[in-house]
Amino acid sequence: MRKALALVLGGAFAAAGCGGGAASGQAEIRFIWWGNDDRAKITNEAVRLFESRNPDVKVATSFQNFQNYFEKLSTEIAGGNAPDVIQMDYRYLNEYAGRNVLLDLTPFVGKDIRTQDWNQGFLGSGRLNGKQVALPLAQNATTIVYDPKLFAAAGVPEPHAGWTWADYKGTAAKIQASTGIAGSTDFGGTEDVFETWLRQRGKALYDNGKLGYGKDDLKAFWQLSKDFRDGNATTSAELVTTLNAGAEQTPMGKKLSASEHSYDSLYGGYNTVRPDELKLGPYPSDSKETLGSYRKPSQLISASARTKHKDAAVKLIDFLLNDPDAGRILGASRGLPANLKIREAVAQNLSGANKVVFEYQRSVDAKLGDAPPAPPKGDGTIYKLLQRKHEEVVFGKKSIDQALDEFWRDAEEALR
């Protein structure tokens, strides 16, 4: 991944344009995102509505699962075929914006892209070095997705405000002993979980472009994960490689786990494969004051710096973010709409998965913190490194100390 990005961000795309011209004077642009079939269906519905209102613009769309998305994106940019409109992830923002791959949207913000009905602090989550290189599509937060029937079968309380990590481990072990289903999905290789855990302890993933925690912190987190495994409270080693797949491929999606760490915006995917079976609950925390979760942009949206159809790309971005009908179609599929008026309007008519997401965020809103600065360049590499080193521990190839030393060496290299 890093080599591909080096090629991309080094300027291999410089001579290439994006989006070819369409027949009859139309501007033809491409829009790509990650997600599942459920998200694709409603996103395409919103795009078709945009086209009907803007007959001078034709939009070609495509999507990937998150696991493959950025490899495909970097390959397309390196090959001179960058999409015009790009769904962007918070952790990759510095990777792409730092080398001028993304269009500076600053001249359009507040004008062609309406932002008067936004939380202005949340708007800042797409700003780097004084440039608005992305806008948040929606807001989400970390959550525990769980099966209430398995909790009831084991006679244990469901995830609730104020429960601790020790409570979680004990609950998961009782579920596993009572039902034969893993009480929790292994979380030790997931950076998002580690970040929430760190924030509960007053620390952060990054501080001024460097790791914001010490070796002892990661060792304690991996030990916590090991304690779950040793206590028969989590999934088997064979399942740790499925965690970044779509909801249908995770242990929870396959009914192999009673609870799983996730984001609330992904609930629609879970609900597609397990309709009306699952709930959302807050993270455990050993701090009464700090939940660790924050108002995170579930995804951001950017435009390519090389698009030949800048106005059309900006028009589509504004439509997806600020049009009431687009908001009605998209609902809470990516999280709560960033536009506060649309969020309020959408909330009045929510049902099913969208209602579950909205009610969960409302229940934890008072404890959600502000988003930290976007991760530095190299976080995408570190995200995968954390998962890989954890897998080596789980499969018995490395001790925690061995994996930790190798992680630290490679993580610091990735940030140079």
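**Entry 1**

Buried means under 20% relative accessible area, exposed means over 50%, and partly exposed is in between. I wrote that down before anything else, since I kept needing it. I also noted that I'm looking at a predicted model.

Next I picked arginine 274 and aspartate 147. Their salt bridge has its closest N and O atoms 2.8 Å apart. Buried or exposed? Arginine 274 is buried at 3% relative accessible area, and aspartate 147 is buried at 8%.

Then I went to aspartate 217 and lysine 203. They form a salt bridge too, and the closest N and O atoms are 2.9 Å apart. The two are 14 residues apart: aspartate 217 is in helix H9 (residues 215-230), and lysine 203 is in the loop between helix H8 (191-200) and strand S8 (206-207). I looked up how covered each one is. Aspartate 217 has a relative accessible area of 13%, so it is buried. Lysine 203 has 36%, so it is partly exposed.

**Entry 1: a sheet of three strands**

Time for some strands. S10, S7 and S11 form an open sheet in the order S10-S7-S11, with antiparallel pairing. Strand S10 (259-263) and S11 are the edge strands, each pairing on one side only. From one strand to the next, the twist averages 40°.

How many bridges join S7 to S10? I got five, in the antiparallel sense. S7 and S11 also run antiparallel, joined by three bridges. I noted some partners along S7. Threonine 142 has tyrosine 263 in S10 as its bridge partner. Valine 145 is partnered with leucine 280 in S11, and tyrosine 146 with lysine 279, also in S11.

A reminder to myself: strands of a sheet pair through backbone hydrogen bonds, either parallel or antiparallel.

I then checked how covered S7 is. Five of its five residues are buried. Thr142, Ile144 and Tyr146 are on one side, Thr143 and Val145 are on the other, and both faces are covered.

**Entry 2: serine 262**

I stayed with strand S10 and looked up serine 262, which is found there. Its relative accessible area is 8%, so serine 262 is buried. What does serine 262 touch, leaving out residues up to four places away in sequence? My list reads Ala141, Thr142, Thr143, Val145, Tyr270 and Tyr283.

**Entry 3: pocket and cavities**

Serine 262 turned up again at the largest pocket. Among the 49 residues lining this pocket, Arg39, Ser262, Tyr263, Ser265 and Leu266 lie nearest its centre. The volume of the largest pocket is about 930 Å³. Several elements each supply at least two lining residues, including helix H2 (37-53), S10, strand S12 (296-303) and helix H14 (352-364).

Last, I searched for cavities. The structure has four of 30 Å³ or more. The largest cavity has a volume of about 150 Å³. Its lining has 14 residues, and Leu137, Leu320, Leu330, Gly331 and Pro337 lie nearest the centre. Strand S6 (135-140), helix H11 (310-322) and helix H12 (324-330) are the elements that give two or more residues to that lining.

Technical notes: Residues numbered from 1 in each chain as written. Predicted model: local features only at pLDDT ≥ 70, side-chain atom pairs only at ≥ 80, totals over all residues. Heavy atoms only, no water. Salt bridge = Lys/Arg side-chain N within 4 Å of Asp/Glu carboxyl O. Buried < 20%, exposed > 50% of the residue type's maximum accessible area, 1.4 Å probe, protein only. Helix = DSSP H or I, 4+ residues; strand = E, 2+ residues; numbered from the N terminus. Pairing = 2+ DSSP bridges. Axes fitted to C-alpha atoms, helices over the stretch in contact; angles between N-to-C directions. Contact = heavy atoms within 4.5 Å. 1 Å grid on protein atoms, 1.4 Å probe; cavity = no way out; pocket = protein on both sides within 12 Å on 5 of 7 lines; lining within 4 Å. Points joined across faces, edges and corners; volume = space filled by probe spheres on them.
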